[in-house]
Amino acid sequence: MELHAWINPYRAKTKDTRELAVNHIAVTHPERVFDYDGLKILDPGQRENCDYILRIVGDIVSRYDVDGLHIDDYFYPYPVAGFPIPDQASYNRYGRQFASVADWRRDNVDVFIKALGEEIHRIKPWVKFGVSPFGIYRNKKSTPDGSGSNTNGLQNYDDLYADVARWVKEGWIDYNIPQIYWQIVHPAADYETLVKWWARHTENRPLFIGQSVVNTVQNADPKNPSINQLPRKMALQRAYQTIGGSCQWPASAVVENVGKYRDAL
């Protein structure tokens, strides 16, 4: 068993947080944070924030005997209709050489991901660096060459400014766990379609499939309605040599044996 430390790097305050410590980064440096839909986000466009997160990760990796450092799917905030990301001042200051704000935002995250992996491996080369991105990289209709998945949902590349495919191709991350939390035959993001897409785009990086325990047990197997989708999902991911296994979310649901999921595993 390995222990991987898990963080959300940019999210400085969640919606449910009522009070911040006096030495919190959003209190000591409010100019480096922007508010969005009840959240406080460390502006990825300010390189001081990249350096700040690298120091925190360096402290974790240096002082604790972790086997890996893992970041979740929160990069730029999940978009809310009618609420643009308030980073125009940072773009005016740092991003004018880019053709668009979107390209600048993706570069900000690219620079961070590359630097984070390098910092981890500089301190302890054996510690793994992994990411669990949102389950859709790009929809086919959004890609000029049709290379995206045959889906119709939120996209890492276009909406969260997270170019996961590049991180994998460049070898900046040690493993990838896309969150494919939907069911088989989901109308916008079919599980089988996405598993096949990610299996074809591993770029020789270890790939694991992020599973939603509750979604899996709540939906019936479309070919055998008397059972849930767990057996079919497991058989599907095991059909691809490029898929190394799966990650169950949340762990508490496995422990509590929701829908007899633990028994089935």
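## Basis of the model

The model is predicted, so local features need pLDDT of at least 70 and side-chain atom pairs count only at pLDDT 80 or more, whereas totals for chains, interfaces and linings use all residues. Residues are numbered from 1 along each chain as its sequence is written, and side-chain values use heavy atoms, with hydrogens and water left out.

## The largest pocket

Rolling a probe the size of a water molecule over the atoms shows where empty space is left. On a 1 Å grid over the protein atoms alone, a pocket is an open set of points with protein on both sides within 12 Å along at least five of seven lines, while a cavity is a set of points where a 1.4 Å probe fits but cannot get out; lining residues have an atom within 4 Å of a point. Grid points are joined across faces, edges and corners, and a volume is the space filled by probe spheres set on the points.

The largest pocket holds about 600 Å³ of space. It is lined by 21 residues, of which H70, S132, C247, Q248 and W249 are the closest to its centre. Strand β11 (243-249) is among the elements that supply at least two residues each, together with β1 (4-7), β8 (207-212) and α10 (251-255); the largest share, four residues, comes from β11. Helices (H or I, at least four residues) and strands (E, at least two) are DSSP runs, numbered from the N terminus. By class, the lining has twelve nonpolar, seven polar and two charged residues. Here Ala, Val, Leu, Ile, Met, Phe, Trp, Tyr, Cys and Pro count as nonpolar, Asp, Glu, Lys and Arg as charged, and the others, Gly among them, as polar.

## The second largest pocket

The second largest pocket has a volume of about 250 Å³. Among its 14 lining residues, Y137, S147, A165, W197 and H201 are the closest to the centre. Helix α6 (residues 164-170) gives the largest share of this lining, with three residues. The lining comprises six charged, four polar and four nonpolar residues.

## The cavity

The whole structure contains one cavity of 30 Å³ or more, and the largest cavity has a volume of about 40 Å³. Its lining consists of Y10, D43, P44, Q46, R47, N49, C50, N108 and F112. Two or more of these residues come from each of α2 (47-63) and α4 (101-123), and α2 gives the most, with three residues.

## A three-stranded sheet

Three strands form an open antiparallel sheet in the order β2-β4-β3. Two strands pair if DSSP finds at least two bridges between them. The edge strands, β2 (11-13) and β3 (33-36), each pair on one side only.

Strand β2 is joined to β4 (residues 39-42) by two bridges: R11 has I41 as its bridge partner, and K13 stands opposite K40. Strands β3 and β4 pair over four bridges, and D35 has K40 as its partner in β4. These two strands form a hairpin with two residues between them, and D37 in the turn has a positive phi of about 50 degrees.

## Cysteines

The count of disulfides (a pair of cysteine sulfur atoms within 2.5 Å) comes to zero. C50, which lines the largest cavity, is buried because its relative accessibility is 11%. C247, one of the residues closest to the centre of the largest pocket, is partly exposed at 34%. Buried means under 20% relative accessible area, exposed over 50%, and partly exposed in between (1.4 Å probe, protein chains only).
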